[in-house]
Amino acid sequence: MDFLRRLLRKQHNEHPIELRQLHAALKAHHRSARIEADHIRLDNGVCVRTQLIETHAFSNGGVRTATATLTSHGTAFPDGLYEYQHASGADVESALHNGFDTWARTDLVAILDALAVQPEHCTTMELDLPSDAKQGPRCRQVVFGPTARYAASPAAEEADHGFCPCCLFTNSRAAFQSSLAAEGVLGIRIFVNRDSDGEFTADCRVNGQDHPEALPLLIEYARSWPGEGNEFRKQYVVIRDKP
């Protein structure tokens with residue numbers, strides 16, 4: 001009976017698998033972080049909460065998972081930046097780790113640079129805004145996170161200047177005028193895909209909310225890609241007031 005009580009206590013106190021895999025992914029990228037109750041706190045005060053939304057087992061083996069993260073900072077973005085992670089692996093544990101590993105390599109880099117006075121790893125773009133009835137002139141800054149790209153049949157030569165960190169955003173910029181003029185910090189997920197049949201799909205979210213205005217612009221941009229076959233490009237960017 002005592003053994004059963006200890007076992008139940010251990011199971012009750014153990015952190016959820018998604019929180020443990022997020023912590024492991026951060027450690028793998030040399031991010032100093034600790035688990036506190038239901039979240040992870042980095043040394044710079046960034047707090048990350050995560051939720052396992054669903055798992056799906058494939059009939060031929062392997063698992064697909066979907067998670068969500070809410071990343072907040074007490075002064076910079078107290079309400080948090082909400083985003084989803086989709087990944088697959090041999091089992092739930094590896095699929096979760098793969099999803100959080102990608103998040104740590106891409107999204108988190110942009111988020112951490114958006115906390116710095118001078119971003120260290122990301123390219124930036126600035127837009128000066130005129131005075132309005134609420135406040136004086138200010139400068140909005142776009143922090144371009146690392147890009148992710150896959151091409152089944154890469155083109156031998158890139159058209160124009162190829163694919164740089166600003167391409168996804170600048171080719172759909174007209175859809176983000178309200179985000180550029182807004183207040184506070186916004187996280188934007190941009191994704192566009194060309195399948196093996198030459199059909200195009202796109203996805204865009206602002207702080208986790210669907211942003212359909214960007215989709216036709218992203219698809220139009222994707223039509224200019226050289227080569228053929230399956231290819232996707234995605235990125236996470238952060239918009240903030242320049243310090």
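Is Ala37 buried or exposed? Hold that one for a moment.

First, the ground rules. This is a predicted model, where local features need pLDDT of at least 70, side-chain atom pairs count only at pLDDT 80 or more, and totals for chains, interfaces and linings use all residues. Residues are numbered from 1 along each chain as its sequence is written, and side-chain values use heavy atoms, with hydrogens and water left out.

Now Ala37. Ala37 counts as exposed because its relative accessibility is 60%. Here buried means under 20% relative accessible area, exposed means over 50%, and partly exposed lies in between, with a 1.4 Å probe and protein chains only. Ala37 sits in the loop between E1 and E2. Its phi is positive, about 55 degrees, although Ala37 is not a glycine. Most residues other than glycine have a negative phi.

His30 is another such case. Its phi is near 60 degrees, again positive in a residue other than glycine. His30 lies in the loop between H2 and E1. His30 counts as exposed because its relative accessibility is 74%.

Next, the whole protein. It has seven helices and eleven strands. Helices (H or I, at least four residues) and strands (E, at least two) are DSSP runs, numbered from the N terminus. The C-alpha atoms fill a box of roughly 70 × 50 × 30 Å, taken along the principal axes. Of the 243 residues, 42% count as buried. The protein exposes about 13,000 Å², and carbon and sulfur atoms supply 50% of that. Those areas come from the Shrake-Rupley method with a 1.4 Å probe; for residues, only the protein chains shown count as cover. Take the contacts between residues at least 6 apart in sequence: 57% of them join residues at least 24 apart. Contact means heavy atoms within 4.5 Å.

On to the sheet. Five strands form an open sheet in the order E1-E2-E3-E4-E5, with antiparallel pairing. The edge strands are E1 (33-36) and E5 (77-89), and each pairs on one side only. From one strand to the next, the twist averages 25 degrees. Two strands pair if DSSP finds at least two bridges between them. Strands of a sheet pair through backbone hydrogen bonds, either parallel or antiparallel.

E2 and E3 pair in the antiparallel sense over two bridges. Arg41 has Cys47 in E3 as its bridge partner. The hairpin of E2 and E3 has four residues between the strands, and Gly45 there takes a positive phi near 95 degrees.

How many bridges join E3 to E4? Ten, between residues 47-57 and residues 63-73, and the strands run antiparallel.

Ala57 counts as exposed because its relative accessibility is 57%. Leaving out residues up to four places away in sequence, Ala57 touches Gly62 and Val63. Arg173 is 116 residues from Ala57 in sequence and 38 Å away in space, C-alpha to C-alpha.

Now helix H2, residues 17-28. It has twelve residues and reaches 16 Å from its first C-alpha to its last, close to the 16 Å expected at 1.5 Å a residue. That expected span is 1.5 Å times one less than the number of residues. Which residues of H2 are buried? They are Glu18, Leu19, Gln21, Leu22, His23, Ala25 and Leu26. These residues pack against E1, strand E2 (39-42), E3, H3 and helix H4 (107-113).

Last topic, the cysteines. A disulfide is a pair of cysteine sulfur atoms within 2.5 Å. By this rule the count is zero. Cys164 is buried, with a relative accessible area of 18%. Cys204 is in no disulfide either, and the nearest cysteine sulfur, that of Cys167, is 16 Å away. Cys204 is buried as well, with a relative accessible area of 1%.

That's the tour.

Key:
Axes are lines fitted to C-alpha atoms, for helices over the stretch in contact, and angles run from 0 to 180 degrees between N-to-C directions.
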